Amino acid sequence: MKKIAVLTSGGDAPGMNACIRAVVRTALYYNIDVYGVERGWAGLIDGNLTRMETRSVSGLIHKGGTFLKTARCPEFVELEGQRRAAETLAAYGIEGVVAIGGDGTFRGAVDLSNNFGVKVVGVPGTIDNDLAYTDYTLGFDSAVNTVLWAMNNLRDTMTSHDRVSLLEVMGRRCGDIALYAGVAGGAEYVLVPEVPYDLDEIASSIRKSRMRGKTSNMIILAEGAGNREEICAAIRDKTGIDPKVTVLGHIQRGGSPTMSDRILAGKFGVKAVEVLREEKDSCAVGIRNNKIVTVPFPDVFSAEKRFDKSLYETSKILGL
Ligand code: F6P
């Protein structure tokens, strides 16, 4: 393969810039021409491509967001959108694409590959860690560290006022951000979509902890695991304590990527280009048991959702 393109699509995640950089530099290392596509699949449809040189990706490794920009692209779900994208690629003589993003990005990759024979390699880039075929997605570690930063700050003020704090974090329907941050940040209660919880039990546990001399409590609530107002109302009714709510929101999506995400970005980027260079079938790269792997798209989508029950049990034991 002599010409490839790289794009980021869907929600941005820290480490995407580092991964684009890795793709560009690896391609140039193998004497492959490489184009950056602006705004994901939308940029392929509209023909927004720029030839990348090694200097095009200088000074980016430490930056959050994606300098290629990103978008969610409903037109790409339609065959017509995919056709226009394939035509753009043909016009440039581009034979392969590295698509960095989450579930929606991968579905677009499969469509482009199946319907128009374009070789696409997916790189899992999302803070949610919700792609079951890979142990970790790019951006997850950075997002968890951002949550930890918020937890540390919250803890200072909650301890000073003897308060109960509820911190809502992102994750779509996946509780991993809440779970990892909960354990690493010492939250007393971790509420995730994967495990049912009992608000009476939580309220009674808060009451008992106060009787034992504990003066503040932290609840981490994952997106998709319940309504924060209802949770607070139940705790207020049963304990007389009014929890203070913080919704962290898009702060979790930004910021400088952590060491782990930068390394992962580098390894994913190199592997993605090597797969295209060897003209292998479209697939996704991932990491399993600390090894970089390639997984065919059908297996990416059929992989069973895994939730780390043992880490969840750890959170319960340590949150006592
Ligand atoms: O997939 C990343 C994510 O941040 C989710 O955690 C969240 O549900 C969603 O994207 C938010 O999307 P948007 O930025 O479009 O509001």
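Predicted model: local features only at pLDDT ≥ 70, side-chain atom pairs only at ≥ 80, totals over all residues.
**Ligand site and cavities**

User: How far from an oxygen atom of the ligand is a polar side-chain atom of aspartate 128?

Analyst: Histidine 250 places a polar side-chain atom 2.8 Å from a ligand oxygen. For aspartate 128, the distance from a polar side-chain atom to a ligand oxygen is 2.6 Å.

User: How much of the ligand's area does the protein bury?

Analyst: Start with the ligand taken alone, which exposes 400 Å². Of that area, the protein buries 73%.

User: Where does the ligand lie relative to domain 1 and domain 2?

Analyst: The space taken by the ligand is the largest pocket. Domain 1 covers 3-139 + 257-302, and domain 2 covers 142-253. Both give residues to the shell, so the ligand lies between domain 1 and domain 2.

User: How many charged residues are in the shell around the ligand?

Analyst: The residues around the ligand include Arg72, Met170, Gly171 and Glu223. By class, one shell residue is nonpolar and three are polar. The charged residues number five.

User: How much space lies in the largest cavity?

Analyst: The whole structure has two cavities of 30 Å³ or more. Among the residues lining the largest cavity are Gly182, Val183, Ser315 and Leu318. Its space is about 40 Å³.

Technical notes. Residues numbered from 1 in each chain as written. Heavy atoms only, no water. Near = heavy atom within 4 Å. Polar contact = N/O pair within 3.5 Å; in protein donor to acceptor, adjacent residues only side chain to side chain. Areas by Shrake-Rupley, 256 points an atom, 1.4 Å probe, with all protein chains shown as cover. 1 Å grid on protein atoms, 1.4 Å probe; cavity = no way out; pocket = protein on both sides within 12 Å on 5 of 7 lines; lining within 4 Å. Sits in = over half its atoms within 2 Å of the grid points. Nonpolar A, V, L, I, M, F, W, Y, C, P; charged D, E, K, R; others polar. Domains from an automatic or database assignment. Points joined across faces, edges and corners; volume = space filled by probe spheres on them.
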